[in-house]
Amino acid sequence: MENPFKTEKTRPTFLTVLCILTFIGSGLNLLSSLMSIATSKIATSSGFMSMIYEAMNQSMEEVPEAFVKMMDTMVETTSKILENGVAIGLSNTILFAASLYGAILMFNLKKMGFYIYCVAHILLLFVVPVIVGFNVFTMLGIVGSLIFTAAFIIMYGVNVKHMH
């Protein structure tokens, strides 16, 4: 016999939309992370970065020194990202899988999903800088990602009251 006083929680439309956006975004990023693991060795073994660095040095003879230093940092950062592609890809794969799991839990109105999602996305902000090093380019990546991360955490946070 059912309890007549028990009310069934319903998922708000806004939460449904957020979860679907997370399924799409985290799902695509999960696939991208897996692809980066598979292709990282190809990118580093091809000598692609050394060719770019050599071409850049030849064309930078009359460019201001500050710009040359900035380009050197960019090439060095890109090179480190390629060298550490497996570690970055594996870390991102685990964290995007956690994000998807959190979204599935939130879709089913489980509050624990919110916490899993938050932790995963906060850690995702720091994967590349921790592995590659903090510099102007990795900090720009954090700031750019932080905008979306904060927006989604706030929007999910508004819906936590509907979860149990």
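## Aromatic pairs

Search this whole predicted model and you'll find 4 aromatic pairs. Take Phe 152 and Tyr 156: their ring centres are 6.4 Å apart and their planes meet at 50°, so this pair counts as tilted.

Both residues belong to helix α6, and because they are 4 residues apart there, about one helical turn separates them. Are they buried or exposed? Phe 152 has a relative accessibility of 17%, so it counts as buried. Tyr 156 comes in at 0%, so it is buried too.

## Where α5 meets α6

Tyr 117 also turns up in the contact between two helices, on the α5 side, while Phe 152 and Tyr 156 are on the α6 side. Helix α5 covers residues 112-132 and helix α6 covers residues 136-159. Their axes are 9 Å apart and the packing angle is about 175°. Angles over 145 degrees count as roughly antiparallel, so that is how α5 sits relative to α6.

Which other residues make this contact? From α5 they include Phe 114, Cys 118, His 121, Ile 122 and Leu 125. From α6 they include Thr 138, Ile 142, Ser 145, Leu 146 and Ile 153. Sorted by class, the contact of α5 with α6 has 13 nonpolar residues, 5 polar ones and no charged ones.

## A charge over a ring

One more ring is worth a look. Which residue lies over the face of Phe 107? Arg 11 does, at 3.6 Å from the ring centre.

Conventions
Residues are numbered from 1 along each chain as its sequence is written. This is a predicted model: local features need pLDDT of at least 70, side-chain atom pairs count only at pLDDT 80 or more; totals for chains, interfaces and linings use all residues. Side-chain values use heavy atoms; hydrogens and water are left out. Axes are lines fitted to C-alpha atoms, for helices over the stretch in contact, and angles run from 0 to 180 degrees between N-to-C directions. Angles under 35 degrees count as roughly parallel, over 145 as roughly antiparallel, 65 to 115 as roughly perpendicular and the rest as oblique. Contact means heavy atoms within 4.5 Å. Ala, Val, Leu, Ile, Met, Phe, Trp, Tyr, Cys and Pro count as nonpolar, Asp, Glu, Lys and Arg as charged, and the others, Gly among them, as polar. Rings of Phe, Tyr and Trp (its six-membered ring) pair if their centres lie within 6.5 Å; planes under 30 degrees apart count as stacked, over 60 as edge-to-face and the rest as tilted. Buried means under 20% relative accessible area, exposed over 50%, partly exposed in between (1.4 Å probe, protein chains only). A charge sits over a ring if NZ of Lys or CZ of Arg is within 6 Å of the ring centre and within 35 degrees of the ring normal.
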